[in-house]
Each structure stands twice: as structure tokens, then as C-alpha cells.
Amino acid sequence: MRPSPRLAFRFSWLVWVVAVPPRTRGAEDGYDLWLRYRPVADAARLAEYRANITQLVVASDAPTLRAARNELVAGLRGLLGRDVPVAGAVSRDGALVVGTPASSRVVAALPLADALRQAGPEGFVIRALAIRGRRAIVVAANRDVGVLYGAFHLLRLLQTQAPLAELSLVSAPRLGLRLLDHWDNVNGTVERGYAGASLWEWARLPDSINPRYSDYARANASVGINGVVLTNVNANALILTPAYLVKVAALARVFRPYGLKVYLTARFSAPIEIGGLPTADPLDSGVRGWWAAKADEIYRVIPDFGGFLVKANSEGQPGPQDYHRTHADGANLLADAVAPHGGVVMWRAFVYSSHVPTDRVMQAGDEFVPLDGAFRSNVLIQVKHGPLDFQPREPFHPLFGAMPRTPLMMEVQVTKEYLGQDSHLAFLAPLWEEVFQADTYAHGPGSTVANAIQGIAGVANVGTDRDWTGSDFNQANWYAFGRLAWDHMLSSAAIADEWIRMTFSNDPRVVGPLEAMMLASREAVVNYMTPLGLAHQMARGHHYGPGPWVTGGRADQTSVYFSRADSVGLGFDRTASGSNAVRQYALPVRHRFARRDSVPDALLLWFHHVGWSERLRSGRTLWEELLRRYQAGVDTVRWMQRTWNGLEHQVDGERFHRVQALLRIQEAEARWWRDASVLYWQSFSHLPLPPDYEAPAHPLDWYRQLRCPADLRRPRCDAVMGAPK
Ligand code: GCV
């Protein structure tokens, strides 16, 4: 039957709507992150979802449940392509019932007691069941915030086109504290931020509330992040003054419905700087009184204030050691001040002694292990994932497992200070997964890092850039951080898979290649920057390009200190014949790292000084293996470029071209890293490059003399781009 002209017109209009690529329907500028809620493309799935979600039943209008309802209304409208009405009661098949037993009589009447017990205070239950003979799906939790997390999870299931039949899951976070740490300064700059300025508009707060604040909170809640440290660990005491506290309170009000608590960094010398006291000595009664009063004042304006994060006696920050007191004295001072209000103190183990130590990476272990048991119960020691400083690869920090009487949390960088900052594609979930799963053996086999911690903090990669994170793929790191903070047993592959489906497409022709790219990307960076356990080989200050020759100034902040390159070989001897840093690890990890026959190749030069011509497990000499790894890094980036180019017709043009341009930068800069490093090592090894090795574009001096532009936020060297290969 031929359609009537009128029908034909309607039909062609429909086809037009379906066939128009997303870019013409709205800018793909990255603002929506993974919360895009584009129409479900698979017709059968769409029909299934439409049949199973026909009304939304939310009994309460409490702020967090309202946030859950609004998210579901918007999300379902986008995904199902039609409005799902909100109802007060289950009146048809396909009800989506959302609530807690306290807020919803329907939920209270369901047989969910066991599941809710498993869900705990923040988790949720999602289940397909019958309610008074009607097909329904319930998202239930013990507290409103669990319902919100569950709502986001249900939307994630739809976004990733999961089947709804026999839906039955309980999810609870494995870690209590899941925080983003902002290194944001009150002047609006962001230390190690590569995505624009600080989100917090201090000059306009508390009167002007930027709508981005609630979108920021939504994004965090969607992955279960439950706290935010607003200010830089290189702290400014101003944030603790009344004028700023009302601004902080305004942000806290926006964040509260999303389960996001606010924390601040505390400058240890604040009693002097804003309190007018002559000292900040933690044992001084005036100082103790000042902090107690300050805590009272904060909790008066922010009743659910989370607590303080402190960087003390590190990189010039004041601390208790200025008064010959210990880190425990300092932490306990603040802990006592916030304890009556239920607050915590996160005290960083990233310390720098005023003397250059024999081995920089041992300092935290040596200072903190003797203090185990000396901290108040509301103190958490915040430990970077490795003992140095967020390098592309480090061994796990030896403090994990070594302070059994002290709560620890792990700190990672979501911002990529040392992994190509805004431009290089480096998916960090594999790095974090590697650390979480590392076995410390501190209490026998299975004593993983994940088991040694009670919380995690990620240094945020978020700023005022329209896409929040400076690049499309940097968003994946924010997402992955939250997902792993919630459940560190999730694999990197599973997280990448979800993120791609939510952010780009469910089309297997997109998911497969993108997942492969993302999973290979971190190792590529390790290879072209610091292969085989090298670390800290970047340019001084901005930490962007290669600088293996960096020397001068404080020795333990230079590349040469860490590489120990000489005519004999390369690498830092941390065995008993060297600094003996291996002693900080429990047996058998200590032996595994100390012995040449068992240390993993990936950490070889972290623990050993290896002769240039010594043979490695591969049968290749160190020199050959180094050359191979640097080249592998470059080759992987080229493969990523080819893979991405193959997606030109599957990905919208805006994002396609943005990512393509960044990959071009990454390829040129991977060569920059390889060539500068190989030539520098060659000046010690005096070994030749094989004839078929890709020749460096310039002599060593060219790389050494390269000066990057003065803009520290974008320290790119145009000169290295050269002609594309
Ligand atoms: C906030 C590294 C960074 C610093 C940072 C410091 C820290 O050294 O380069 O910018 O300071 O770590 O974690 O305190």
C-alpha cells in the first residue's frame, strides 16, 4: 500500500528526525558529560524500556528525592523520547517506584528488608517486581541519598542499554569517604588545573549562585562522590574568615541535596594569620581554644561540614614541626576541634623535610609509621598512591598496610599533572586499579591496598572550561574515579565500557575500538615518558615536557636525582646496597622488589641501578629494552590515532575533530619525550641506536635548549609539533 501524500510527508519528517546526526541537534561541547540522555538507539530496547517504565512514583518532595525525581524525569524524557508522568501511586504496569521505607508506604510494604540491610546507609536496591499485581521497578534505599545514587544507576543501565528483565541488584559503596580535592585558590586560579579557572566564584558568592554548581554536584552524585574539598592544600587562611564561610555555606546549600559534603583546607598558621595569636603551636592552650571556637563557628553556618584537609610541613607549608611537635600533635589539635561536631581531619603524608633526605621516597614512611596509634580516631592519614608524587607509574606507597592502628585514605590525581595534562589521552582507571589491587602482604596474602584504606580523594580535574575537564577524554577520569571510589572491584574495562556507551555510543563499532584505546593509553604514556620504572623526568615547574637533564636547586626535586644515570647504567638503587627503601615494604614484597630476578620489569629502575648492557628477563639488554619501550609508547599513540580516524563516521564531527587534534599533539609530544630521553641516556650509555630505529628529529642540545611558552597552564612547545608523521 502506498502511503497517502499526507502520511508520506509525516513519514519523511520522522526519518529526518531519526537520521539527523546529534551534532546538528545541539552542540557536542562536552557540557553534559556522561549524563547526556540521548534517545535509546536500539529499537527493541527502546520498546522494552517504554513498556517497563510508564509512570514514576515518588512519594516525597524532600530535596534529595526531588533531585532524584528531576533527574529521572529529565533522563527518561531524553532516553525514551517521551515524558514519563509522575504519579502518587502505582496505577498501571510499568511503575518506577522510588523512595525509602520512611518516605514511601509502597516501598515500606515491599519485601526488601534483607536487601536494604546489605545496602547500608548509602547504598541502594533496584529490583523488578510486582506491586499489587502490576509490573514495577523499585529503586529503594535506607536514606534519600541512596535513592539518588540508585536513580543515577538505573539511568546508567538505560544509557548502556542493559536489559531490565529480572533486574535485581544491591549496590553499596566499599569506601566511606569518596572525595574530590580541589586545588583551587581563592584568587580563582587552580594549582595543576588544566581546565580553566576555579568553578567557585568567590567574589560573587553568596549572592550569585552559578547554575554550574548544581550540575557539578549532579555529576558527582551520579558516580557516588560524597565530599568535596573546596580549596587548595597549599592553603590560604582567608577561607576560614567569616566573610568566606558564608560563601562556603552557600555552596554547601547547593551541594547538600546531592549528598556532597563540604570540606576545607586548614592552614596550620591560621591562628596567627587571621586569629592574631602569637603562635600556632598545637600544644598551646590559646591555639587549641582558637581552633575549637573556629570549628564551632564553621558548624554554626555549615551544620554538616565534613572537616579539614591539611598539608603541613611540606613544600613550605607551616606545620607542627615548626614548634618541634609531631604530625600527630598537629592533627590531633584539629581533630579535637571538629570532634564534637562529628568532623574529620585528613592529614596528608606528603611531607618534605627541610633537609634533602638520602631517599625522598622514604620520608613519609619514616615519619609516619612511628606515629601509628598516636592519632585521634577522627584523623585519617591521606597517602598518595605512590611514595613519590602521582607519577605515571610508581610502586604502591609503603604506608599502606604499615599503620594498622590509623585510618588511611588514598590520594590520587584525576588532573594529569604528570601524564600530559589537558591534552594527552590517558585513561587513569588502569593506574588506580593497579594500586587498589596491589598486595602489600602487610597482614598476610590478600592485604591489598584497597583493604588498607577507608576513603579516597582525587585531585579534581574540573574547571570553568565548557567541557569541565579540558578534553573529552579527561571526563572519563572524573567518571572512573567516582566509579572506583564506589566499587574498587570494578574493572577498568567495565568502567570504560560504561563511559563510552553513556558519552559516545552503544554502537559496538564505537565501543570496541574506544575501549581498546582507553585501556592502552596509560601504558603508552608510561612508555614514552618514564618506562621500566623511571620517574620524575619532566621539565621543572610546569611538569609538562621531558627534562631528564634537570638539575640544580633542591636535589630531590631534580630528574638526575631520580634517574641516577651514569656511565655504568640507569636507575635508583633502593636495595640494601643503596637507599634500602625496600625495607619499608612487608615481606615478601620487600624481597620481590629487592631481587633482580623477581622485581617486575615495570618497576625495575625504581628499585635497581642496572647496567646499560645487562640483560633483562626478555633477553634484551637494558639499552635495547629502553629503546623498545619508548618506541612502543609512540607506536601506541599512532595506533590510537588510526583507531580514532576510523571512527570519523560514527562520532559527531565536533568531538571527532577535537580529539583528532589532541591526538596529533600527543603523537608529536610522545616523539618529543622519546627523542629527548633516548638522546640524553645515550650521552651516558654511548651505545648506538639500531639502524632501523626512528631517528630523533633533532640533536640533544635542541631539546635541552627548548623553552616552552610562559603560560604555565598551557606550556606547550609549538616547536616540537613539526611535520605530522
Ligand atoms: C598542591 C606536587 C605538585 C604541587 C602540589 C604537591 C602536593 O608537588 O607539583 O603542585 O601542591 O604535589 O601534593 O602538595
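Gln 55 has Ala 95 as its bridge partner in strand E3. The model that shows this pairing is predicted. Strands of a sheet pair through backbone hydrogen bonds, in either a parallel or an antiparallel sense.

Now step back to the whole sheet. It has six strands and is open. Reading across, the order is E2-E1-E3-E5-E4-E6, and the pairing is mixed. E2 and E6 (168-171) stand at the edges. Each has a single partner strand, so one side of each is left without a neighbour in the sheet.

Next, look at the loop between E2 (86-87) and E3 (95-99), where Asp 93 is found. Is Asp 93 buried, exposed or partly exposed? Its relative accessibility is 34%. Buried would require a value under 20%, and exposed a value over 50%. Asp 93 therefore counts as partly exposed.

Asp 93 also meets residues from elsewhere in the sequence. Beyond its neighbours within four places, Asp 93 is in contact with Thr 54, Gly 133, Arg 134 and Arg 135. With Arg 135 there is a polar pair: a polar side-chain atom of Asp 93 lies 2.8 Å from the backbone nitrogen of Arg 135. Ala 136 is 43 residues away from Asp 93 in sequence, yet their C-alpha atoms are 6.4 Å apart.

Strand E8 (residues 227-229) joins E9 through three bridges. Within this pair, Val 229 stands opposite Tyr 263 of E9. How enclosed is E9, residues 261-265? Four of its five residues are buried, so E9 is largely enclosed by the rest of the structure.

Finally, turn to the ligand. Which residues come nearest to it? There are 15 residues around the ligand, and Glu 191, Lys 311, Arg 348, Lys 384 and Glu 417 come nearest. The shell divides into eight charged, three polar and four nonpolar residues.

Several side chains place polar atoms by ligand oxygens. For Lys 311, the distance from a polar side-chain atom to a ligand oxygen is 2.6 Å. For Arg 348, the corresponding distance is 2.7 Å. Asn 234 has a side-chain N or O atom 3.2 Å from an oxygen of the ligand. On its own, the ligand has 340 Å² of accessible area, and the protein covers 97% of that.

Technical notes
Residues numbered from 1 in each chain as written. Predicted model: local features only at pLDDT ≥ 70, side-chain atom pairs only at ≥ 80, totals over all residues. Heavy atoms only, no water. Near = heavy atom within 4 Å. Polar contact = N/O pair within 3.5 Å; in protein donor to acceptor, adjacent residues only side chain to side chain. Areas by Shrake-Rupley, 256 points an atom, 1.4 Å probe, with all protein chains shown as cover. Nonpolar A, V, L, I, M, F, W, Y, C, P; charged D, E, K, R; others polar. Helix = DSSP H or I, 4+ residues; strand = E, 2+ residues; numbered from the N terminus. Buried < 20%, exposed > 50% of the residue type's maximum accessible area, 1.4 Å probe, protein only. Contact = heavy atoms within 4.5 Å. Pairing = 2+ DSSP bridges.
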